[in-house]
Amino acid sequence: MQLILYSKPGCHLCEGLQEKLEQIQNLSFELEIRDITTREDWLAVYEYEVPVIYLSNHRGAEEEEKLLPRPSPRASVQQLEQMLRKYLAN
């Protein structure tokens, strides 16, 4: 299971969310950080939306990405873990 975090340098909300995701210990997932400033297509879509989280599933040769709701910046690591647990179970 992989989580993709669309982020950009200097985004405090992005940095805070990344730190919390990296602190989660009771769920098994890979975290991929995608800097939207490295690709024009990502920048066009996510410039005013970051941080954005996707859940990525590999199904055979296909990759399926599901947009997850943005957690509150005030959410604790435990609250973030509970939210993710709900989506990782599906």
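Buried here means under 20% relative accessible area, exposed means over 50%, and partly exposed covers what lies in between, using a 1.4 Å probe and protein chains only. With that in hand, let's walk through the model.

## About the model

This is a predicted model, in which local features need pLDDT of at least 70 and side-chain atom pairs count only at pLDDT 80 or more, while totals for chains, interfaces and linings use all residues. Residues are numbered from 1 along each chain as its sequence is written, and side-chain values use heavy atoms, with hydrogens and water left out.

## An aromatic cluster

Both Tyr6 and Trp42 are buried. Tyr6 sits in strand E1 (residues 2–7) and Trp42 in helix H2 (residues 40–46), so their pairing ties together parts that are 36 residues apart in sequence. Helices (H or I, at least four residues) and strands (E, at least two) are DSSP runs, numbered from the N terminus.

Tyr46 and Tyr54 make another edge-to-face pair, with 6.3 Å centre to centre and 75° between the planes. Tyr46 and Tyr54 are both buried. Which residues do the ring pairs link into a cluster? Tyr6, Trp42, Tyr46 and Tyr54 are joined in this way.

## Salt bridges

There are four salt bridges in the structure, each being a side-chain nitrogen of Lys or Arg within 4 Å of a carboxyl oxygen of Asp or Glu. Side chains of opposite charge can pair when their charged atoms come close. Arg34 bridges to Glu32, with the closest N and O atoms 2.8 Å apart. Arg34 is buried, at a relative accessible area of 13%, whereas Glu32 counts as partly exposed at 26%. A network of salt bridges links Glu32, Arg34 and Glu65.

Asp41 pairs with Arg39, and here the closest N and O atoms are 2.6 Å apart. Asp41 is partly exposed, with a relative accessible area of 40%, and Arg39 is partly exposed at 39%.

Glu81 belongs to helix H3 (residues 77–88). Is Glu81 buried or exposed? Its relative accessible area is 13%, so Glu81 counts as buried. The side chain of Glu81 meets that of Arg85 in a salt bridge (2.8 Å, N to O). Arg85 and Glu81 are four residues apart in helix H3, so about one helical turn separates them. Arg85 counts as partly exposed, at 40% relative accessibility.

Glu81 also makes a side-chain to side-chain polar contact with Asn26 (3.3 Å). A polar contact is a pair of N or O atoms within 3.5 Å; within protein, one must be able to donate a hydrogen and the other to accept it, and residues adjacent in sequence count only if both atoms are side-chain atoms. Setting aside neighbours within four places in sequence, Glu81 is in contact (heavy atoms within 4.5 Å) with Ile24, Gln25, Asn26 and Leu27.

## A cis peptide bond

Most peptide bonds are trans. Val50 and Pro51, however, are joined by a cis peptide bond, with omega about 0°. Pro51 is placed in the loop between H2 and strand E3 (52–59).

Key: Phe/Tyr/Trp six-rings, centres within 6.5 Å; stacked < 30°, edge-to-face > 60°.
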